[in-house]
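Q: I'd like to learn how to read a few features off a model. Can we go through them one at a time?

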Amino acid sequence: MLDTMTLRHELLDAEDDKRVTTPTFAACLNAHGMYETMRFVLRLSPLNHSLIEQFETDQSISAPVSSEAIQAYSTYIHETIHWWQHVGSTSGLLLSLSYLAQSHSSIDDLRKVLATVGPIKPLKAYTDQVLMQEGDAAQAKLASANTAVNNALDVEYYKHYALSPRENIRWMIEENHFQSVGHGYFIVYGQLVGLLSGTIDKEFSVLPDIDTWDAEITRLSEEKIEGYYWGSRVKLPAVGMRAVYEGQARFVQLQFLDGASSSERLTMSDWRERGYLSGVYVEAFDAFLKLSGAEWPERLDDPLVALFLLVCDLAINPTRGMPIEIENFENFIVDVDVGLRFTRICQAVRELPHLQTAITEFSREQYLSVTDELTELTGYDHPMAALDAIRGWSGKLPDLAALMEEYRTFEYTPMNVPIRVFLSHFVAFCQDKFAHPEFFCWPGIYMSGQRHKPEARTLWLRHLSLFSDRGDRNGVFPRKWPDRSEKSVLETFNRFYGSMALYDLTRQWILEDGPFVCDFKWLAEHYDQDRANDWGNDSFRQVYGVTLEDFQILGAEVA
């Protein structure tokens with residue numbers, strides 16, 4: 001088990017975890033661990049890969065293994081928590097599918113652009129240039145192009161604000177295309193619900209009816225409601241979603257290490273002095289203490305740390321807009337923004353100081369009772385209400401019932417595979433979380449054996465990431481599942497990543513200067529640039545009817 005005197009940063013730390021737009025790795029040789037948001041890949045260093053192989057699929061985490069392997073596994077847990085955040089929380093599902101929505105929401109408009117103005121890249125620079133030259137008279141001919149550009153930019157602005165609002169808001173409000181925080185959230189939520197509706201609920205029988213939102217969005221802008229009109233003041237949270245995600249993953253990781261220790265456990269001060277509670281990893285916890293009026297606890301199993309992780313869980317799972325209909329449109333930003341939810345819930349802890357010592361058993365009962373008080377005071381929906389609503393979808397939606405059978409067998413219908421994979425895993429996660437919210441809130445406690453839960457190992461294995469790298473090979477690989485055929489898993493993997501070229505190149509077309517770049521080294525084990533170019537061209541041509549070579553590149557020198 002873990003010897004606290006041999007902690008090694010090269011085993012425990014991720015590489016900064018800035019979910020940058022286009023990270024490039026080769027078997028993760030330069031990182032100890034990372035989950036890549038826009039590629040949906042969990043990566044570990046070759047050293048960590050070799051160490052966690054000591055854990056067999058059916059072996060208990062508490063079985064005798066080396067100190068180094070325990071530490072490596074803690075990083076694996078950290079990155080798996082990021083996968084859970086992205087596939088199992090409503091904020092993460094929104095973030096993950098927003099990348100896909102940049103293409104899906106604009107395909108028809110982009111085809112119209114090709115039919116009217118032809119293949120020109122980047123579309124944003126083109127529309128800006130024409131508007132400067134021709135003014136409002138150009139609006140009619142640019143209608144489709146403007147829709148595609150605005151849809152793509154709204155996603156970009158949403159991601160920058162949601163992840164790190166204090167770092168990004170200053171330059172955002174100086175952008176001509178930035179409308180408002182509320183506008184961005186309405187757009188991405190509309191896109192999300194649209195993707196889900198097209199997959200399982202075309203009649204909006206259980207999903208919120210987004211067609212009713214337009215009038216409210218217009219009203220909020222016309223009435224100058226803060227956060228919903230151009231030039232509005234922006235309400236900033238204490239921290240953003242990135243800090244909450246990283247704080248949750250780091251404290252789960254450290255609770256696992258703390259429980260796995262066979263010697264005297266480190267205090268919180270010890271962890272801080274060794275550099276494991278600094279920067280973005282502790283930003284949310286520091287804000288939690290300040291907003292709640294609490295003091296630094298002595299140990300990782302302190303009820304205050306348990307409360308912090310529960311606050312993170314509530315913050316990253318907004319309910320309005322999906323799965324529950326919006327009732328008060330004025331409150332939509334506060335209802336769905338992770339940073340603002342986190343800030344408000346921490347403030348509620350200050351008003352309910354007895355909650356700081358309430359979680360001692362890490363039990364379902366304590367999860368529910370503390371959540372009852374926090375949601376009643378803040379006015380947020382109880383998370384179990386949203387989980388229960390999602391659980392009920394399958395009985396009401398035949399298309400979802402069929403999708404969950406695809407999830408069971410991993411034999412997905414070829415159409416829109418990434419959306420089908422994410423949605424089915426989200427629903428499966430919510431079903432298990434409804435039954436065992438305590439495990440998903442405090443997995444480090446259960447995985448290290450500090451609290452016994454017979455189902456813990458089964459739940460953990462059921463919700464591992466789908467795709468990862470390998471320690472000794474380049475590329476991305478599907479995980480093997482004991483109850484699914486290898487052929488089905490491989491076919492789904494190929495179809496899932498077969499869409500990546502289209503998503504990447506569509507985003508490049510709309511937003512990025514310069515020629516198209518088909519860089520897919522991160523995906524292929526035996527990479528060949530000519531084949532990558534052919535793949536990108538073919539993927540693009542099948543959807544848009546033109547090739548990358550057909551485009552006029554604005555700003556490029558004419559030979």
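Q: What percentage of the residues of the protein chain count as buried?

A: First, the ground rules: this is a predicted model, where local features need pLDDT of at least 70, side-chain atom pairs count only at pLDDT 80 or more, and totals for chains, interfaces and linings use all residues. Residues are numbered from 1 along each chain as its sequence is written, and side-chain values use heavy atoms, with hydrogens and water left out. Buried means under 20% relative accessible area, exposed over 50%, and partly exposed in between (1.4 Å probe, protein chains only). Here, 60% of the 559 residues of the protein chain are buried.

Q: How many helices and strands does the secondary structure come to?

A: Helices (H or I, at least four residues) and strands (E, at least two) are DSSP runs, numbered from the N terminus. This chain has 27 helices and six strands.

Q: How do I read aromatic pairs, and how many does the structure hold?

A: You describe a pair of aromatic rings by the distance of the centres and the angle of the planes. Rings of Phe, Tyr and Trp (its six-membered ring) pair if their centres lie within 6.5 Å; planes under 30 degrees apart are stacked, over 60 edge-to-face, and the rest tilted. There are 44 aromatic pairs in this structure. Take Y73 and Y76: with ring centres 5.3 Å apart and planes at 75 degrees, the pair is edge-to-face. The two sit three residues apart in helix α3 (residues 67–88), so about one helical turn separates them. Y73 is buried at 4% relative accessibility, and Y76 is buried at 8%.

Q: Which geometry do the rings of F439 and F440 have, stacked or edge-to-face?

A: Edge-to-face, because the centres of F439 and F440 are 5.2 Å apart and the planes are at 80 degrees. F439 is buried, at 0% relative accessible area, and F440 is buried too, at 5%. Ring pairs also link F439 and F440 into a cluster with Y73, Y76, W84, F256, F429, Y446 and W460.

Q: Where does the charged end of R272 sit?

A: A charge sits over a ring if NZ of Lys or CZ of Arg is within 6 Å of the ring centre and within 35 degrees of the ring normal. The charged end of R272 is over the ring of W296, 3.9 Å from the centre. You'll also find R484 over the face of W481, at 5.1 Å from the ring centre.

Q: Which residues of helix α8 are buried?

A: In α8 (residues 165–173), they are P165, N168, I169 and M172. They span an arc of only 115 degrees around the axis (using directions from the helix axis to the C-beta atoms), so they lie on the same side of α8. R166, E167 and R170 are exposed on the other side. For packing, contact means heavy atoms within 4.5 Å; the buried residues of α8 pack against α7 (143–163).

Q: How do the axes of helix α20 and helix α21 cross?

A: Axes are lines fitted to C-alpha atoms, for helices over the stretch in contact, with angles from 0 to 180 degrees between N-to-C directions. Under 35 degrees counts as roughly parallel, over 145 as roughly antiparallel, 65 to 115 as roughly perpendicular, and the rest as oblique. The axes of α20 (residues 398–409) and α21 (residues 417–435) come within 9 Å and cross at roughly 90 degrees, so these helices are roughly perpendicular. Residues making the contact include L400 and Y407 of α20 and R420 and Q431 of α21.
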